[in-house]
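Subject: Structure handover

Hello,

The structure you asked for is below, and my notes on it follow. Please read them with the model open.

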Amino acid sequence: MMYVLFDVLHLYYLPQYLPVQQKLAGQNVKTAFVFYRSIHDEIMEQIAHDNDLEYTWVEDDKEATSFYLQEKADWVFFANSFAHLDELHQVSKSAQIGHGIGPKACYYTKSDTAMTVRFVEGAYRCERLKTMYPENEFVDVGFSKLDSLITGKEPGFDLQQLGLDPNKPTLTYAPTFYPSSIECFAKDWPADFNDFNILIKPHYFSIAKEKYHRQKALLEHWANFDNVYLAKETDYNLVPFMASSDILISDASSALFEFAALNKPVIWCDFLKLRWSYRGLFSYRFKKRMDEDFGEYANIAVHAKHYKELRQLVLEQYRQPSQLESIRMELAEKLAGRLDGKASDRVLSYLMNQQ
């Protein structure tokens with residue numbers, strides 16, 4: 001029997017892993033998850049219980065490596081690079097499956113250390129990676145995180161249960177942690193959008209890391225408004241938010257591109273809080289952080305240069321959702337690959353064919 005392990009350094013890796021694990025379990029493949037101790041241990045255990053997952057705990061990557069050497073699984077999945085691949089490859093094969101499809105340059109550089117295979121979202125990115133790393137193996141499968149949305153298996157939220165009005169349109173605000181638009185929003189901005197339900201789904205780091213405590217304070221303030229639902233720590237998956245929303249507001253995050261791939265309108269916030277080390281003479285650092293295709297990807301959304309432009313753009317896009325449809329679908333394929341709900345099936349097929 002095949003045995004597959006999933007390395008879960010961060011909670012937000014799970015939405016990409018779970019569709020693959022479910023397909024494997026459906027073929028009676030033995031699977032287990034490796035969780036790293038953090039401030040969210042209870043949440044991880046609850047998720048594992050809810051999804052009937054086998055799991056073990058480790059303190060760090062060295063302890064994880066010891067576990068992998070002991071278990072001798074056929075495959076170990078990672079969502080980012082891993083420092084101990086040489087040791088791992090003595091007993092197991094490695095697979096990388098990315099947790100996001102945004103415009104950050106790290107999408108490509110996390111292939112600097114060679115996994116046995118990396119599953120990639122789309123022909124464009126697959127070919128570009130093959131050019132950059134000709135000795136490595138890349139397989140175009142698509143973006144497994146979106147499978148349940150595309151197939152209609154994800155119902156989304158019961159808005160009434162969240163205390164919201166199901167007769168109102170719903171928008172999701174899903175900012176990343178850095179560079180972020182959070183600190184540039186009006187302090188009481190939900191009042192400016194009281195004719196909308198607002199679902200706020202921040203990046204995990206905005207809640208979990210002390211260095212972003214100002215972001216957390218703002219998020220918790222916004223949660224007090226009647227038309228707002230702020231994601232709880234257990235709401236680790238963006239997928240139900242996307243299923244429930246008519247429109248999305250974000251910055252240069254994967255969420256923006258994932259939502260656009262569903263052919264729904266997005267507003268891209270160009271107003272960002274940059275550290276002093278990323279401004280002025282040091283702006284090259286911000287550009288370096290972004291992928292070379294950043295400029296082209298920007299066309300997938302309408303852009304708010306300042307907060308004061310946001311409401312009008314949201315209203316325009318809500319009333320005319322097909323305005324950027326052709327650009328969305330062209331770039332969605334470039335970013336996410338085939339949008340047929342079968343990405344996890346293709347991962348399964350590859351693994352089965354390697355036996």
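The second largest cavity is lined by Phe 143, Leu 146, Asp 147, Ile 150, Arg 338, Leu 339, Asp 340, Gly 341 and Ala 343. On a 1 Å grid over the protein atoms alone, a cavity is a set of points where a 1.4 Å probe fits but cannot get out; a pocket is an open set with protein on both sides within 12 Å along at least five of seven lines, and lining residues have an atom within 4 Å of a point.

This is a predicted model, in which local features need pLDDT of at least 70 and side-chain atom pairs count only at pLDDT 80 or more, while totals for chains, interfaces and linings use all residues. Residues are numbered from 1 along each chain as its sequence is written, and side-chain values use heavy atoms, without hydrogens or water.

Cavities

Searching the whole structure gives two cavities of 30 Å³ or more.

Second largest pocket

This pocket has a volume of about 400 Å³. It is lined by 20 residues, of which Leu 18, Pro 19, Gln 22, Asp 147 and Ser 148 are the closest to its centre. Helices H1 (14–26), H7 (147–150) and H16 (343–353) are the elements that give two or more residues to the lining; the largest share, six residues, comes from H1. Helices are DSSP runs (H or I, at least four residues), numbered from the N terminus. By class, the pocket lining has six nonpolar, eight polar and six charged residues.

Helix packing

H1 and H16 pack at about 55°, with their axes 9 Å apart. Axes are lines fitted to C-alpha atoms over the stretch in contact, and angles run from 0 to 180 degrees between N-to-C directions. That makes H1 oblique to H16 (under 35 degrees is roughly parallel, over 145 roughly antiparallel, 65 to 115 roughly perpendicular, the rest oblique). Pro 19, Val 20, Lys 23 and Leu 24 in H1 meet Ser 344, Asp 345, Val 347, Leu 348 and Leu 351 in H16, contact being heavy atoms within 4.5 Å. These residues divide into six nonpolar, one polar and two charged.

H11 (residues 254–261) and H15 (residues 325–336) pack at about 120°, with axes 9 Å apart.

Regards

Note on methods:
Points joined across faces, edges and corners; volume = space filled by probe spheres on them. Nonpolar A, V, L, I, M, F, W, Y, C, P; charged D, E, K, R; others polar.
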